[in-house]
2 protein chains.
Amino acid sequence: MTLKIGFILFPNLTQLDLTGPYEVLSHIPESQVHLIWREQGPVKADTGMQIVADTTFDACPQLDIVCVPGGPGQMDVMDDAEVLDFLRQQAKTAQYITSVCTGSLLLGAAGLLDGYKATTHWAAIDLLAAYGATYEKGRVVRDGNRVTAAGVSAGIDFALSLVAELKGEDFAKTLQLAIEYDPHPPFQSGHPECADPSITAVVRTFMKDALEKRQAQAKAYQDQKES
Amino acid sequence: MTLKIGFILFPNLTQLDLTGPYEVLSHIPESQVHLIWREQGPVKADTGMQIVADTTFDACPQLDIVCVPGGPGQMDVMDDAEVLDFLRQQAKTAQYITSVCTGSLLLGAAGLLDGYKATTHWAAIDLLAAYGATYEKGRVVRDGNRVTAAGVSAGIDFALSLVAELKGEDFAKTLQLAIEYDPHPPFQSGHPECADPSITAVVRTFMKDALEKRQAQAKAYQDQKES
């Protein structure tokens with residue numbers, strides 16, 4: 001049976017959230033990967049790269065793995081009924097409901113993280129609680145069939161973990177070797193726990209507007225739920 | 001002055017070779033990234049993902065950074081006069097001539113690694129010598145203005161190193177933190193030096209046909225040069 005994998009490909013996404021795990025997951029034998037949006041055709045990432053959506057929400061089959069990337073565009077679809085309904089429908093039967101980076105906030109907005117442990121980009125972890133999720137530290141957090149990954153590049157670690165679950169550790173290891181995933185970051189600056197505080201401050205300043213918007217959206221979600 | 005960065009986007013490339021460094025380099029302030037092919041429009045990667053080429057060879061400005069990704073499609077352009085001429089022309093004035101994975105073999109075919117230290121995907125390192133290059137161990141190898149990266153995921157390490165050179169270590173560190181590049185591979189299997197030999201054997205078998213084709217191309221290049 002074909003393993004059906006689908007990524008939501010919304011405008012203004014952070015493309016590496018998607019392209020990292022895509023590279024790994026697409027090598028699962030007898031898998032089929034869908035890049036899903038309202039209409040088929042090029043979708044522009046936050047950096048300008050255009051990736052082609054090949055499957056519409058309507059035409060998308062029931063997926064075995066749903067993956068939601070993050071990035072600035074995630075904020076624009078937090079109230080999008082078509083996107084939220086699609087995720088809720090898929091979640092009813094999907095084997096795994098997953099996200100990378102702030103994609104977890106979109107899963108949250110669809111009500112799909114309520115009661116689950118989860119993670120997200122380090123700058124957004126405080127927002128998970130508003131969606132009923134409990135932040136858990138980790139590059140990849142698994143709770144039931146929810147698998148959420150930390151920021152951007154964590155999608156590669158996430159995908160390799162998922163492949164190990166689905167196809168065994170040996171197969172995951174062959175993929176890791178094939179993509180020579182033997183990372184040597186030139187600096188110790190990939191997480192606030194190891195980064196220089198002045199560097200963290202710069203990134204926080206850079207992300208300030210987005211964080212405020214995401215906070216307002218989290219509050220609105222919570223207010224609506226409580227009313 | 002705008003920093004002009006260009007990636008060759010050939011059919012059947014390994015998309016993460018390109019999308020990894022693109023994510024990093026595109027965040028350099030006042031930079032412009034070109035995805036370059038014969039014609040504008042979608043180009044299909046080896047996994048089926050389609051990325052849009054936005055710049056043709058003819059319309060491409062002189063670049064400051066030229067980057068050549070790898071993947072199966074690299075073999076199909078090793079004799080392609082349009083591609084090779086483009087690389088040679090760009091190399092005359094580019095500040096950096098770079099590659100990820102087997103993209104280095106294409107740089108080699110264009111005569112651009114002759115006399116340089118370089119690296120490539122671990123399965124292809126023996127082929128560099130045919131192009132006059134000397135293999136050097138390393139995730140990222142710099143020699144003069146040639147910067148070559150190891151397989152696929154090494155493109156992220158490469159791009160962060162390049163950003164550090166161009167814009168300083170602090171800026172590179174902010175980008176590393178922004179993409180939460182704090183990798184935790186689930187296994188120690190990213191390089192033959194740490195992978196289980198049986199896993200390496202599986203990947204070598206999987207890559208056998210490609211390796212034989214690349215060997216034949218390397219021999220043909222050498223024969224032509226010596227004749």
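Predicted model: local features only at pLDDT ≥ 70, side-chain atom pairs only at ≥ 80, totals over all residues.
**Exercise 1. Check the length of helix α7 of chain B, then find which of its residues are buried and which are exposed on the opposite face.**

Step 1. Helix α7 of chain B covers residues 208-226, which is 19 residues.

Step 2. With buried taken as under 20% relative accessible area, the buried residues of α7(B) are R214(B), Q217(B), A218(B) and Y221(B). Viewed down the helix axis, the buried residues fall within an arc of 100°, so they line one face of α7(B).

Step 3. These buried residues pack against α3 (103-109) of chain B. On the face turned away from the buried side, α7(B) carries the exposed residues D209(B), K219(B) and E226(B).

**Exercise 2. Describe the interface between chain B and chain A by its area, its residues and its polar pairs.**

Step 1. The size of an interface is often given as the accessible area lost when the parts come together. Here about 5100 Å² is buried between chain B and chain A, with 66% given by carbon and sulfur atoms.

Step 2. On the chain B side, L177(B), E180(B) and F187(B) lose the most area to chain A, together 16% of what that side buries. The contact involves 60 residues of chain B and 59 residues of chain A.

Step 3. The largest share, eight residues, comes from α5(B).

**Exercise 3. Locate salt bridges within the chains and state which parts they tie together.**

Step 1. Over all chains, the search finds 22 salt bridges. One of them joins D76(A) and K213(A), at 3.7 Å from N to O. D76(A) is in the loop between β6 (65-68) and α2 (81-93) of chain A and K213(A) is in helix α7 of chain A, so the pair ties together parts 137 residues apart in sequence.

Step 2. R142(A) and E165(A) form a salt bridge whose closest N and O atoms are 2.0 Å apart. R142(A) lies in strand β10 and E165(A) in helix α4 of chain A, so parts 23 residues apart are tied together.

Step 3. Both partners are partly exposed: R142(A) has 39% relative accessibility, and E165(A) has 42%.

Methods. Residues numbered from 1 in each chain as written. Chains lettered and ligands numbered in written order. Heavy atoms only, no water. Helix = DSSP H or I, 4+ residues; strand = E, 2+ residues; numbered from the N terminus. Expected span 1.5 Å × (residues − 1). Buried < 20%, exposed > 50% of the residue type's maximum accessible area, 1.4 Å probe, protein only. Arc of directions from axis to C-beta. Contact = heavy atoms within 4.5 Å. Buried area = accessible area lost by both parts, 1.4 Å probe. Polar contact = N/O pair within 3.5 Å; in protein donor to acceptor, adjacent residues only side chain to side chain. Salt bridge = Lys/Arg side-chain N within 4 Å of Asp/Glu carboxyl O.
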